[in-house]
Each structure stands twice: as structure tokens, then as C-alpha cells.
Amino acid sequence: MARAIERLSEAKIRNAKPVGRSDRGKPRTSVMLCDGGGLYLQATLGREGNVRRSWIFRYKRPGYPSRDMGLGSFNDIGLAEAREMARECRKLVKEGLDPIEHRNTRVARNLAASSTAMTFAEAAETYIRQHRAAWKNAVHAAQWPASLKTYVFPIIGKLPVSEVSTPHVIKVLERIWHEKPETASRIRGRIESILGWATVSGHRDGDNPARWRGHLDKRLPSRTKVRQVRHQKSLPYTEMPAFMVDLRQRRAIAALALEFAILTCVRTSDVRKGKWAQIDRAQRIWTIPELSKIHREHRVPLSRAALTVLDKAQQITREIGGHVAQSEYLFPNDLTGASLSENALLALLQRMGRKGMMTTHGCRATFRTWAQERTNFPWEIAELSLGHTVGTKVERAYARGDALQKRIAIMQAWADFCARPQPSHTVVALHTVTR
């Protein structure tokens, strides 16, 4: 009967300490807790009363005495990583190899090759340099080196890229997998890309230890199970007309920018960067040269209400004068004429008492829900209006239009809905009829 493995828990490990007395009547100074499969946690009592906890792998090969292999301190190696290391050791024993001798040989080889071998940090820097030109999103390009420097390089940066293995990847990830699952998931993907580049470049061989499907998904819980995905707060579509009444009472550039974003269903960043040169009033079209996320041209049909917003913005900027009146932006900063700040619209929602209730990006979800619940427009027309990619790569290769004429109708219908008259709340006194 196979012995049970993975018996220990984080709580048992942290509470492990020598208690009681030995067979000779002396106080215990050490205790071994078995996790199964040859993996043990040794808790040793120090001279000052502190408890040191470390991992040990105990194994025996046929014809040889049993041996204990130290894997490292619990402070440096977590439970998941220790189990992975034990699994690798069991595999070596099964193949007839001695894990201790195998490690010593590998260390000696690494020391001999360390002067010429490419480190993981060097591989990452080369990968970033070769791919940076393809990263058109400035924030994305900045996040790559920053995240690696913070979370990855301190652990495996100096390690030869050829020696990076699954335990190393787990050691990087397990510390942030539960606290920052989104960040951890992105870092895993970046490590996988760098190691993949190193493989095809001849700096390493073998399987990619950062691969998720069929590999790390067996050792780490899914990101969605660690922390539920939280979508941007959105306003129920039934409340949008009332919200627009409140919004239109505010004569400010930020308020006009938010109204324009709602009416065009475009992301906030594209509205902030929108320029007058992109507006074709005759055709009533706003052409965005490079839409956020998809990085390609996107034509936005402008409803009558959206054109009215542009007229109001022009009037306000002319009244302000100076750099603001001469700005190339549709909704410039009212002090310098530069584009609005990233938080301008969020600050507006806060002033309107909507903080925590809705976001500017959530207004796109409001439109999408309205289109689904209250109209007969095909779903792909609503998706194209949001700037989403529709269909498979093959389907897009043949369907090369953007359904502009059909999107004109849905945008005008959305604008009409947002301007829907609100019911009167006037109280009418009823006369009592006496007989």
C-alpha cells in the first residue's frame, strides 16, 4: 500500500518545535515531521530558545545505506517548493542516481561554467531589448523590467539560465501567488517567454519549467480560484438617463469628456488622447489611429449628442483662451492645454458622489448590457462598437469591414436612450369631493 504524502500544512510547520523528553530522559532538542515520500521537516531548538526549521529528504538506494539530504531552511524554501524538490529527488533515485552526488556534480559544473554562461538576468535583458519595439503600450513596456527586478532577479537573476528549473520558478511565484495573483500570473508568463527565448537561442534545452498548462497548474491553484476576478463597477443601464441629466448640468471639460466617452463607448485613455484632427464633421466620424488594446485604427460614428458635446468643448476652450484654446486635444487640461490627467474623470465621479458605485470603464459594460437587454442589434455590432475583436482569425481575414453603417444606428439609439426624458416627480394635490 502506497504511503500517504503531503501530510503537513503551513500551520503544522510553523508550530513545529521539540517537546517532551527523549528515551534517555533528556529534553528533546530536535524533532522530525514527515510529509511523506521521503520529505521531512526538522525542527531544532537553538541555544537561545529559538526554533530552526529545515527540510530533509531521506532516501535509500538498493545496496546502499539510507542518506539524509538537506534541502534548505524553511525560511528560504516554502512547502510547495520543498515538495517539488523532493519529487525531483525521488525521480533521480528511481533512475538509479544518488541525489546528493547529482547535486554536487551540478554545482561543480555550474561553478566551472558560471564565468561564461548567460545568467537569467542577462537573458531577460536581451529578450526585452529584442522585443521592446513590438510593445507599443508604454506602460506594458515599463512593467516588464520593473516586475522582473522586483520579484524575479533577487531569486534567480544570477543563476545560469540553463539551470533554471521548476523549483526555482515555484520559489519565485509562491511568495506572491496568493497575495498578488494577477501580478504573479504575468510574471510567470514573462519567465516562460524568457526561458523559451533562451531555448531557441541555444542557451538551454529541455522543457520550459514555467509552462502553466500540464505543468505548473498541477502545483499552483488557478488564479481565478485564488482571488475572484473583480470587474469594473458599472451603472445599471436603467439609471443612465438620470445620471446623464446630472452630468449635463456640469459645465466643465472633464464632464464633457466623460459624456463623450459614454456616448462613443470608447476607453477613457482614447478619449483623453482624442484630437481635433481625427474628427470628420462632414462624415460624423471620429477616426482613432491606434485604438487601445487592439492597436489598430477604429472608426467611431458620432451621434448628434456626441457632436453637441464637441461643440460645447470648443466653446469652453475658446472662452478660456491661450494654450487651452489652441490645444490639439478634444478635451484639454483647462490650465495648460495638455491632455487630461488619467484621474480626471475618476475625480469627477467622486465629486458627483459616485465613488465606489461606478467607473468610467464600467460605462462600456452599461452600454453592452443595454444592447443585449433592450435592443435587437446583433451581438457582433455591439462588440465592434466597443472596439473588441470579433470572430476567429480566419473569419476576420475574410470579413474585413467594420460594419460602420450598422454601428451608426446603434450609437444613435444609445444616445437617444441616454437622453430619454425622466418621469416627473411633481406631487399633484387631489381635491376631496364632499357630498
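Reader: In strand 2, which residue is the bridge partner of Met-32?

Author: This is a predicted model, in which local features need pLDDT of at least 70 and side-chain atom pairs count only at pLDDT 80 or more, while totals for chains, interfaces and linings use all residues. Residues are numbered from 1 along each chain as its sequence is written, and side-chain values use heavy atoms, with hydrogens and water left out. Strand 1 (residues 30-36) and strand 2 (residues 39-45) run antiparallel and are joined by six bridges; strands (E, at least two residues) and helices (H or I, at least four) are DSSP runs numbered from the N terminus. Within strand 2, the bridge partner of Met-32 is Gln-42.

Reader: Which residue in the turn between strand 1 and strand 2 has a positive phi?

Author: Strand 1 and strand 2 form a hairpin, and two residues lie between them. In that turn, a positive phi of about 70 degrees belongs to Gly-37.

Reader: In strand 3, what is the bridge partner of Gln-42?

Author: Strand 2 also pairs with strand 3 (residues 51-59), in an antiparallel arrangement with seven bridges; two strands pair if DSSP finds at least two bridges between them. The hairpin of strand 2 and strand 3 has five residues between the strands, and Gly-49 there takes a positive phi near 90 degrees. In strand 3, Gln-42 has as its bridge partner Ser-54.

Reader: Is Glu-259 buried or exposed?

Author: Glu-259 lies in helix 10. Not counting residues up to four places away in sequence, Glu-259 touches Met-244, Leu-247, Arg-248 and Val-309, where contact means heavy atoms within 4.5 Å. With a relative accessible area of 5%, Glu-259 is buried.

Reader: Which element gives the largest share of the lining of the largest cavity?

Author: The structure holds one cavity of 30 Å³ or more; on a 1 Å grid over the protein atoms alone, a cavity is a set of points where a 1.4 Å probe fits but cannot get out, and lining residues have an atom within 4 Å of a point. The lining consists of Ala-261, Ile-262, Cys-265, Val-266, Thr-360, Cys-363, Arg-364 and Phe-367. The elements that give two or more residues to this lining are helix 10 (253-264) and helix 15 (362-374). The largest share, three residues, comes from helix 15.

Reader: What is the relative accessibility of His-102?

Author: His-102 has its place in helix 3 (residues 99-113). Leaving aside neighbours within four places in sequence, His-102 is in contact with Leu-92 and Leu-97. His-102 counts as partly exposed because its relative accessibility is 33%.

Definitions and conventions: On a 1 Å grid over the protein atoms alone, a cavity is a set of points where a 1.4 Å probe fits but cannot get out, and a pocket is an open set with protein on both sides within 12 Å along at least five of seven lines; lining residues have an atom within 4 Å of a point. Grid points are joined across faces, edges and corners, and a volume is the space filled by probe spheres set on the points. Buried means under 20% relative accessible area, exposed over 50%, partly exposed in between (1.4 Å probe, protein chains only).
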